[in-house]
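Dear colleague,

Please find below the structure that I am handing over to you.

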Amino acid sequence: MEAVSRTAQWTAAARALETEREDRLFADPYARTVAGTVGFELLERYAGAGTVPFLAIRTTYLDRAIGRAMREREIRQVVFLAAGMDTRYYRLDWPTGVTVYELDRPALLETKAAMLADEPEPAGRARRTVAVDLTQDWTGPLKEAGWRSEQPTLWVVEGLLFFLPEDAVRTLITNLWQHSAPGSVLLGDVISKAALENPLSRPFMKVLEEDGNPWLFGTEEPERLLTSCGWTVREVRQPGEDGADFGRWPYPVPPREVPRVPRSFLFTATRDEVTS
């Protein structure tokens, strides 16, 4: 698989470890399957302080935000951009009639399909895989797969934005807003620029670069990023803050005004009805 897509397997390995805890925050019975041996090897190579608890928190935050969006807004089409080895289609309790679209590169989708070939299809929902490069046109293939831009969409952008240059990040988030009907929701995560530049991060960043997966983008102002691309920010949480702790984050969370602190952000944004 392409280098960036391989990162999906080490995040799956982290989900497997969380699933196997007695006090687990979620259960992902498919995680070990899609992680494979490679996923655990990469997790050992990449994992530093806070990596595994962060991935447990991110998964839990997004699981709960997805459920909340489906209940409150009655959205019935969900798009995972750079879906990777995500298994939420199988493991979450989706409302009847939901269609889940998984966008990623062809090699990853083919590998994932082979790994999950023996898993029974859950009832009451549908999944469509769309092989695309997200730096090129992806809306055309998504529409061909059945997605309807006039209906509200739940977009999930998990573990993607820091792999893209800033121009590509802004273009992607703006395109999502432009192709969203009122009532749509955007969920995802982003890191701070300080997380890219902190001396303690250098060994991790060096390993990512050596493996062809460099992290390129960060921002200290995720709210400004989202609003400048059209979205209405509903919440931004750092691991360890209320709503993004879940008893897993082992470190203090410095206030946002403290400069040069490596941070991760989890966000929920919406596109709502225009009112006069």
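Please bear in mind that this is a predicted model. I begin with strand E4, helix H7 and strand E5, which together make a right-handed β-α-β unit. In this unit, helix H7 covers residues 166-178.

Strand E4 (residues 154-157) has pairing partners in two strands. With strand E1 (residues 77-81), E4 runs parallel, and four bridges join the two. Across this pairing, Leu81 is placed opposite Val157 of E4. With strand E5 (residues 184-191), E4 also pairs in the parallel sense, again over four bridges; here Trp155 has Leu186 as its bridge partner.

Which way do the side chains of E4 point? Leu154 and Val156 point one way, Trp155 and Val157 point the other way, and all of them are buried. As background, side chains in a regular strand alternate between the two faces of the sheet.

Leu154 also belongs to the largest nonpolar core, which has 49 residues. Leu154 is among the residues with the most contacts inside that core, as are Ile66, Met70, Val78, Phe80, Trp94 and Trp215. Helix H3 (residues 51-73) gives the most to this core, namely nine residues. A second, separate core has 31 residues, including Tyr101, Trp138, Ala145 and Trp147.

I turn now to charged side chains. The whole structure holds 25 salt bridges. One of them joins Arg68 to Glu235, with the closest N and O atoms 3.9 Å apart. This pair links distant parts of the chain, since Arg68 lies in helix H3 and Glu235 in strand E6 (residues 232-237), 167 residues apart. Arg68 counts as partly exposed at 29% relative accessibility, whereas Glu235 is buried because its relative accessible area of 18% is under the 20% limit.

Arg170 is partly exposed at 32%, and Glu166 is partly exposed at 40%.

A further salt bridge, between Arg256 and Glu223, has an N to O distance of 2.9 Å. Arg256 sits in the loop between E6 and strand E7, and Glu223 in helix H10, 33 residues apart.

Yours sincerely,
A colleague

Notes
Residues numbered from 1 in each chain as written. Predicted model: local features only at pLDDT ≥ 70, side-chain atom pairs only at ≥ 80, totals over all residues. Heavy atoms only, no water. Core = buried A, V, L, I, M, F, W, Y, C linked by side-chain atoms within 4.5 Å. Buried < 20%, exposed > 50% of the residue type's maximum accessible area, 1.4 Å probe, protein only. Pairing = 2+ DSSP bridges. Right-handed = clockwise from strand over helix to strand, strands pointing away. Salt bridge = Lys/Arg side-chain N within 4 Å of Asp/Glu carboxyl O.
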